[in-house]
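Subject: A structure for you to look at

Hi there,

Here is the structure I promised to send over. Please open it and have a look around, and then read on for what I found in it.

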Amino acid sequence: MNSIRLTRPDDWHTHLRDGAALELTVAHAARSFARSIVMPNLVPPVTTTALAAAYRERILHHLPQGADWAPLMTLYLTDNTDPEDLVAGAEQGVVTACKLYPAGATTNSDSGVTDIDKIFPVLSAMQQAGIPLLIHGEVTDADIDIFDREAVFIERHLKRIVESFPDLKVVLEHITTRQAAEFVASAGDRVAATITAHHLMYNRNHMLVGGIRPHYYCLPILKRNEHQQALIDAATSGDASFFLGTDSAPHNQSAKETACGCAGCYTAWQALEMYATVFDQANALDKLEAFASLNGPAFYQLPVNTTQVELQRQPLEIPTSFAMGGETLVPLDAGETLGWSLVQ
Ligand code: NCD
Ligand code: ZN
């Protein structure tokens, strides 16, 4: 197969940031996707419906002419989230989902939830209103090895959340382990997971063998190859519980390439072609449309997009850098070539 057509895909997890970054990040999201779930971990975080509505306006201001794309907004849960505000935000069509960051788990998560019991009233309201809970599933305890943070989160917290709220829709975001893939596959229709292109394409050897490559450093961190294989199996299985979420996160070159490089891979521009390359290598191109374009809308109970995209088996060169608001942004695999490209 040298060419495939897909219903236009959506990205169920992305970071656009704010201000001068938006011109670039919005254009890149709109290159391949019709809708993007926009993460709320700004500084300060997007914690209320009013803040989400204002952020949405700033994003839409940068929509390129003729673009077929829309942002879907999320709220950042804190110990003090007001359930009435988020339910009202969902009813007004401003809020699509809410994100749980355990405090300190990742970039800009200092205001995250310190104890999951504190948000049980909020989770109850979300269950009642049908608002999905999106979870960054990692514990932050200093005695837990960074490679075990996701598996321990599932045992200590996720199982209890899912049992306590039997009708709550839950997305375990950017899963990285066999344990996560198995849990989600066995947890029924209302528990789903996003999988990034970089966790499908890479494992921790790519980040650490032959030198430390800071552009591969993200959270949750890349795991062993056996976990990578479990993610490929899940994504290409056709199971409707798994769908596309890039977790693309724009960081300046100076923040990534330094003695203490920050977490986040920028893949927004080329992620669709990365997914196509992985699915092709797994002989599963026939499963790409379900993963990229159908399973997400079904879970979120949103319409499937009506337009299509075409991908061709043609080399795609990833740019070496992008200018982002006076700074330089280096995408993952800058200057490398992928085997598939989107027909523009
Ligand atoms: C993300 C970011 O930069 O906002 N970084 C990352 O490593 N994935 C936050 C996140 O999703 O963890
Ligand atoms: Zn993220």
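Please keep in mind that this is a predicted model. A search through the whole structure turns up one cavity of 30 Å³ or more. The volume of this largest cavity is about 130 Å³. It is lined by 19 residues, and those closest to its centre are His15, Thr106, Thr107, Leu219 and Asp247. Sorted by class, the lining has 10 polar, six nonpolar and three charged residues.

What takes up the space of the largest cavity? That space is taken by ligand 1.

Now for the surroundings of the ligand. There are 15 residues around ligand 1, and Arg17, Thr106, Leu219, Asp247 and His251 are the closest of them. This shell divides into nine polar, four nonpolar and two charged residues.

- Threonine 107 has a polar side-chain atom 3.2 Å from an oxygen atom of ligand 1.
- Histidine 136 has a side-chain N or O atom that is 3.5 Å from an oxygen atom of ligand 1.
- Glycine 264 takes part through its backbone, with an N or O atom 3.2 Å from an oxygen atom of ligand 1.

How much of ligand 1 does the protein bury? Ligand 1 taken alone exposes 310 Å², and the protein buries 100% of that.

Enjoy exploring, and write back with any questions!

Best wishes

Key:
Residues numbered from 1 in each chain as written. Chains lettered and ligands numbered in written order. Predicted model: local features only at pLDDT ≥ 70, side-chain atom pairs only at ≥ 80, totals over all residues. Heavy atoms only, no water. 1 Å grid on protein atoms, 1.4 Å probe; cavity = no way out; pocket = protein on both sides within 12 Å on 5 of 7 lines; lining within 4 Å. Points joined across faces, edges and corners; volume = space filled by probe spheres on them. Nonpolar A, V, L, I, M, F, W, Y, C, P; charged D, E, K, R; others polar. Near = heavy atom within 4 Å. Polar contact = N/O pair within 3.5 Å; in protein donor to acceptor, adjacent residues only side chain to side chain. Areas by Shrake-Rupley, 256 points an atom, 1.4 Å probe, with all protein chains shown as cover. Sits in = over half its atoms within 2 Å of the grid points.
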